[in-house]
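Open your viewer and get ready to click along. Each stop tells you what to select and what you will find there.

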Amino acid sequence: MRRVSIFGATGSVGQNTVDLISRAPQDYDVIALTGADNIAQLSKDAKALGAKVAVTAKPGKLAELQAALAGSDVLAAAGPNAITEAATRPCDWVMSAIVGVAGLAPGLAALQQGATLALANKESLVCAGALMLQTAKENDATILPVDSEHSAIFQALTGEDINAVERIILTASGGAFRDWPLAALGSATLAEASSHPNWDMGQRITIDSASMFNKAMEVIEVREFFRVQPDQIEVIIHPESLIHALVGFNDGALMAHLGPPDMRHAIGYALNWPKRRGLPVARLDLAQIGQLNFKNPDIARYPALKLARAVMDRGGQMGAAFNAAKERALDAFINRRIRFTDMAEVVEDVLTRFETDPDHIDAAMTLDNVTKTDHLARMWADQVMAKRAG
Ligand code: NAD
Ligand code: MG
């Protein structure tokens, strides 16, 4: 039996992972499930899957979790440290599906024990790609990408020589505001930004899809994970979201990966890797689909893409600064304190401030330094937003 844990089990990716594991319970020994606010879901799944421990990120929710687990064999724990501790429990396969930089420390802990890390938490690679890869190497651990585009690239590269790759093309749906007049974006509401044309995902990544901060993060994720040069990474708008990514080789071949917009494909691929097994996802009917469309993204509409280039050019801790400023700006948009189009401007101002203060960006790539950069970027983002409001 394979020992598995799911970090961020109550979220969108987490629930899809629970779904796949529940279909073959005899194959898995479930070690840890973690969540945050949704104690009902966390306790229900922990009991159903017979997990050893269930952990909520919220210390104030411990009593509620204990009560929900009363009478079962599942241990209850709470707080960020308890989550990271759960990642040190011996395990073979760990799903990293916490949203935000909070996923970094548990992911590193899983790698340190040599587990295979199925990585949905793109923030880990954006903030600390070099540290993630180095930790995996030192501990003979494997990282398998779960972001659908990166899973697609990984699959297209299987059996290939990375030196024969000319370019990697990420597809983007264009998000909720793809066809809106540019002038209307400033007044886009939270509800409008929270609906995705093709994918059903958590709220934060859905808004990031509308602003293309999600694609910006994914470009950096490609750079960090596959170690290609920034100018080898392209983004193309593909409204149908059926091609997830393409890899272009030096002989002119383009390998495209197609599949339904269902995260259980990428999750299941990582769960069954290096084999393929049947998955409960829809099969594409190409004749019915009829046509696939593509167009270049407009930088005026998606300034986050330009910021991703700046982050890759600078390297070092700039990814951590970028992610933290973005998380803070997104919090402010969700709390209706800034406008949709303000998010990219806030992030850009924070990056500019870091550029004039290079010591932070050039600090060694350790969890401590990433955490420091993260805190500083949040503080500066708050200052930028306060100044704009005042
Ligand atoms: P979600 O918001 O639906 O779920 C997030 C999970 O993280 C929940 O279990 C929540 O309880 C937990 N969580 C939230 N804050 C936490 C904290 N501070 N500490 C510990 N746990 C916390 O998010 P999601 O859409 O499932 O996305 C999860 C990750 O996967 C993100 O990094 C996202 O970018 C990435 N991703 C998601 C999708 C998707 O289809 N949803 C696709 C590709 C990549
Ligand atoms: Mg993606």
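Start on the surface: select Glu160, Asp161, Glu166 and Asp251, which gather in a patch of negative charge. Patches like this are built from residues with over 30% relative accessible area and no salt bridge, like charges being joined within 9 Å (nonpolar side chains such as Val, Leu, Ile, Met, Phe, Trp and Tyr within 5 Å). Zoom in on Asp251, in the loop between strand S10 (243-249) and strand S11 (254-258). Asp251 is exposed, with a relative accessible area of 62%; exposed means over 50%, buried under 20%, and partly exposed in between, with a 1.4 Å probe and protein chains only. Helices (H or I, at least four residues) and strands (E, at least two) are DSSP runs numbered from the N terminus.

A word on what you are viewing: this is a predicted model, where local features need pLDDT of at least 70 and side-chain atom pairs count only at pLDDT 80 or more, while totals for chains, interfaces and linings use all residues. Residues are numbered from 1 along each chain as its sequence is written, chains are lettered from A and ligands numbered from 1 in the order written, and side-chain values use heavy atoms, leaving out hydrogens and water.

Next, select ligand 2, the magnesium ion. Which residues coordinate the magnesium ion? They are Asp147 (OD), Glu149 (OE) and Glu218 (OE), at 2.1 to 2.2 Å. Donors here are N, O and S atoms within 2.8 Å of the metal (3.2 Å for Na, K and Ca), and sites may look incomplete because water is not among the atoms. Along the sequence, the donor spacing reads D-x1-E-x68-E. Asp147 sits in the loop between strand S7 (142-145) and helix H7 (148-157), and Glu218 in helix H10 (residues 213-226), 71 residues apart. Asp147 is buried at 7% relative accessibility, and Glu218 is buried at 1%.

A salt bridge here is a side-chain nitrogen of Lys or Arg within 4 Å of a carboxyl oxygen of Asp or Glu, and the count comes to 26.

Now pick Lys326 and Asp208, whose side chains meet in a salt bridge at 2.6 Å, N to O. Lys326 belongs to helix H14 (residues 318-334) and Asp208 to helix H9 (residues 203-211), 118 residues apart. Both Lys326 and Asp208 are buried.

For the last stop, select Arg388 and Asp342, joined by a salt bridge of 3.0 Å, N to O. Arg388 is partly exposed at 36%, whereas Asp342 is buried at 10%.

Key: Areas by Shrake-Rupley, 256 points an atom, 1.4 Å probe, with all protein chains shown as cover. Lys, Arg positive; Asp, Glu negative; His and termini not counted. Charge placed at Lys NZ, Arg CZ, Asp CG, Glu CD.
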